[in-house]
Amino acid sequence: MKVTVTVRRLPNISDPQGTTVARALRDLGHEVAKVRVDKLITLEIEGDDPDAVRAQAEEMCEKLLANPVMEEYEISFQP
Amino acid sequence: MNAAVVVFPGSNCEHDVVHALRVLGAKAELVWHRETDLSDFDGVILPGGFAHGDYLRTGAIARFSPVMKEVTRMANEGAPIIGICNGFQVLCEAGLLPGVLLENQDLKFICRPIHLRVEHSNSVLTRAASEGQVLKIPLNSYEGNYKASDEDFKAIVTNHQIIFRYAEASGEISGSSNPNGSMGAAAGIMNKAGNVAGLMPHPERATDQILGSVDGQVILESFIVSMETAGV
C-alpha cells in the first residue's frame with residue numbers, strides 16, 4: 001500500500017526555511033502571512049490490511065521519521 | 001584506559017579526537033559504527049561531522065547505527081559517553097540526552113572561537129575544570145541551537161544539567177554572547193547522572209598552542225579522568 005507521511009515542525013518550533021521562503025514570496029509581490037515548509041515522505045508498505053499498515057507507519061514515525069521534541073506527523077493512504 | 005571514537009559514514013573529526021586524546025596520554029581507537037561489542041573500552045566519544053549525511057534530521061539515522069545499542073548499554077552502566085557537535089546531536093536523537101539541536105537562530109553557519117563558561121564540575125566533561133572557568137573553544141556548526149520543551153528545560157535547569165554556557169570572555173552571560181539562540185545559552189548538556197554529556201564546540205581543536213588555544217585540554221582531560229574513575 002502507498003502511504004504518505006507528512007512531517008511538520010511543532011507550532012512553537014521555528015521554521016527558518018519557511019521564514020526565508022515567505023520573505024522571497026513577499027519580494028515577488030505576494031501577500032503571504034506565513035509559510036511553513038513540511039516534509040513529505042512516500043512509503044510503499046507490503047500488506048493490504050490498512051490498520052496493520054498504519055500501525056507500521058506509526059512505528060516508523062515514532063522511531064525515525066519524526067522527532068516528537070520538534071515535530072508532529074500525519075499518515076494518509078494513497079490510492 | 002581505552003576510549004572508543006566512533007566513526008559513522010560522514011564523521012570527519014574522529015582523527016583530531018584520537019590525536020588529542022593520545023597527546024593527553026590516553027589510549028584511543030577508531031571504531032566503525034557497525035561494531036556491536038565495545039566491552040574492551042572504558043568510554044566512548046561520538047565525534048563531529050555529518051553522520052549519515054544528516055539526512056532526515058541531524059543524528060536521526062546515526063542513533064540506529066548498530067554501535068548505538070552498545071553505547072546505550074555502557075551509558076546505562078555509568079561509563080563516560082560524550083558527543084562533540086554532531087555527536088551531541090546523535091546523543092539527543094538517541095534519547096541519551098534531552099532536547100534537540102535546530103538551525104542557528106540567524107541561519108548562519110558559525111565557524112569561530114567562542115567562550116564557554118563552566119557551570120559546575122560534576123560531569124564527564126567538566127570534572128577536571130572549575131566552576132566559573134572560561135574556556136575559548138572553536139564552534140563549527142549550523143545546527144547548534146539547543147531547544148527542549150518548556151517542561152524538559154525546567155527539569156534540565158533544576159537538575160543542573162547545563163554544564164557549559166556561551167559567555168563573554170569575562171564569563172558574563174549576555175544576549176550577544178549567545179551565538180546561535182540556544183535555550184539558556186546552553187552549549188553543553190549532561191544526563192542526570194553526569195556520565196553522558198554533549199557539547200557543540202570542538203575541544204579537540206583547542207589542544208595545542210599552534211591551534212590558538214589549549215582550553216580544550218581540560219574538557220578532554222575530564223573525560224579521561226572519568227574513564228579512570230568509572231571502573232567499568
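In chain B, residues 24 or more positions apart account for 75% of the contacts with a separation of 6 or more, two residues being in contact if their C-beta atoms, placed from the backbone, lie within 7 Å. This is a predicted model, in which local features need pLDDT of at least 70, side-chain atom pairs count only at pLDDT 80 or more, and totals for chains, interfaces and linings use all residues. Residues are numbered from 1 along each chain as its sequence is written, while chains are lettered from A and ligands numbered from 1 in the order in which they are written.

**Chain B as a whole**

- Chain B contains 5 helices and 11 strands; helices (H or I, at least four residues) and strands (E, at least two) are DSSP runs, numbered from the N terminus.
- Along the principal axes, the C-alpha atoms of chain B fill a box of roughly 45 × 35 × 35 Å.
- Of the 232 residues of chain B, 58% count as buried. A residue is buried if 20 or more other C-beta atoms lie within 10 Å of its own, exposed if 12 or fewer, and partly exposed in between, with C-beta atoms placed from the backbone.

**The sheet of chain B**

- An open sheet of 9 strands in chain B has the order S2-S1-S3-S4-S11-S10-S9-S6-S7, with mixed pairing; two strands pair if DSSP finds at least two bridges between them.
- The edge strands are S2 and strand S7 (134-141) of chain B, each of which pairs on one side only.
- From one strand to the next, the twist of this sheet averages 25°. Angles run from 0 to 180 degrees between N-to-C directions, and axes are lines fitted to C-alpha atoms, for helices over the stretch in contact.
- Helix H2 (residues 67-76) of chain B packs on the sheet, and the strands it touches include S1 (2-7), S4 (81-84) and S11 (196-199). The direction of this helix makes about 125° with that of S4(B).
- Strand S6 (residues 110-118) and strand S9 (residues 162-167) of chain B run antiparallel and are joined by 4 bridges. Within chain B, His115(B) stands opposite Ala167(B) in S9(B).

**Two loop residues of chain B**

- Met200(B) lies in the loop between S11 and helix H5 (217-230) of chain B. Met200(B) is buried because 34 other C-beta atoms lie within 10 Å.
- Leaving aside residues up to four places away in sequence, Met200(B) touches Cys85(B), Phe88(B), Leu139(B), Ser141(B), Gly144(B) and Ala187(B).
- Asp40(B) belongs to the loop between strand S2 (27-32) and strand S3 (43-46) of chain B. Asp40(B) counts as exposed because it has 9 C-beta neighbours inside 10 Å.
- Asp40(B) and Asn86(B) are 46 residues apart along the chain, and their C-alpha atoms are separated by 24 Å.

**Chain A as a whole**

- Chain A has 2 helices and 3 strands, which follow the pattern β-α-β-α-β along the sequence.
- The radius of gyration of chain A is 16 Å, whereas a compact globule of 79 residues would have one near 12 Å.
- The C-alpha trace of chain A spans about 45 × 30 × 15 Å along its principal axes.
- Of the 79 residues of chain A, 11% count as buried.

**The sheet of chain A**

- Strands of a sheet pair through backbone hydrogen bonds, either parallel or antiparallel.
- In chain A, 3 strands form an open sheet in the order S2-S1-S3, and the pairing is antiparallel.
- S2 and strand S3 (71-78) of chain A stand at the edges with a single partner strand each, so one side of each is left without a neighbour in the sheet.
- Helix H2 (residues 50-65) of chain A packs on the sheet and touches S1, S2 and S3 of chain A.
- Strand S1 (residues 2-9) of chain A pairs with S2(A) over 6 bridges. Val5(A) stands opposite Ile41(A), and Thr6(A) stands opposite Leu40(A).

**Where the chains meet**

- The contact takes 8 residues from chain A and 13 residues from chain B.
- The side of chain A that touches chain B has 6 nonpolar, 2 polar and no charged residues. Ala, Val, Leu, Ile, Met, Phe, Trp, Tyr, Cys and Pro count as nonpolar, Asp, Glu, Lys and Arg as charged, and the others, Gly among them, as polar.

How values were computed:
The radius of gyration is taken over C-alpha atoms; the globule rule is 2.2 Å times the number of residues to the power 0.38.
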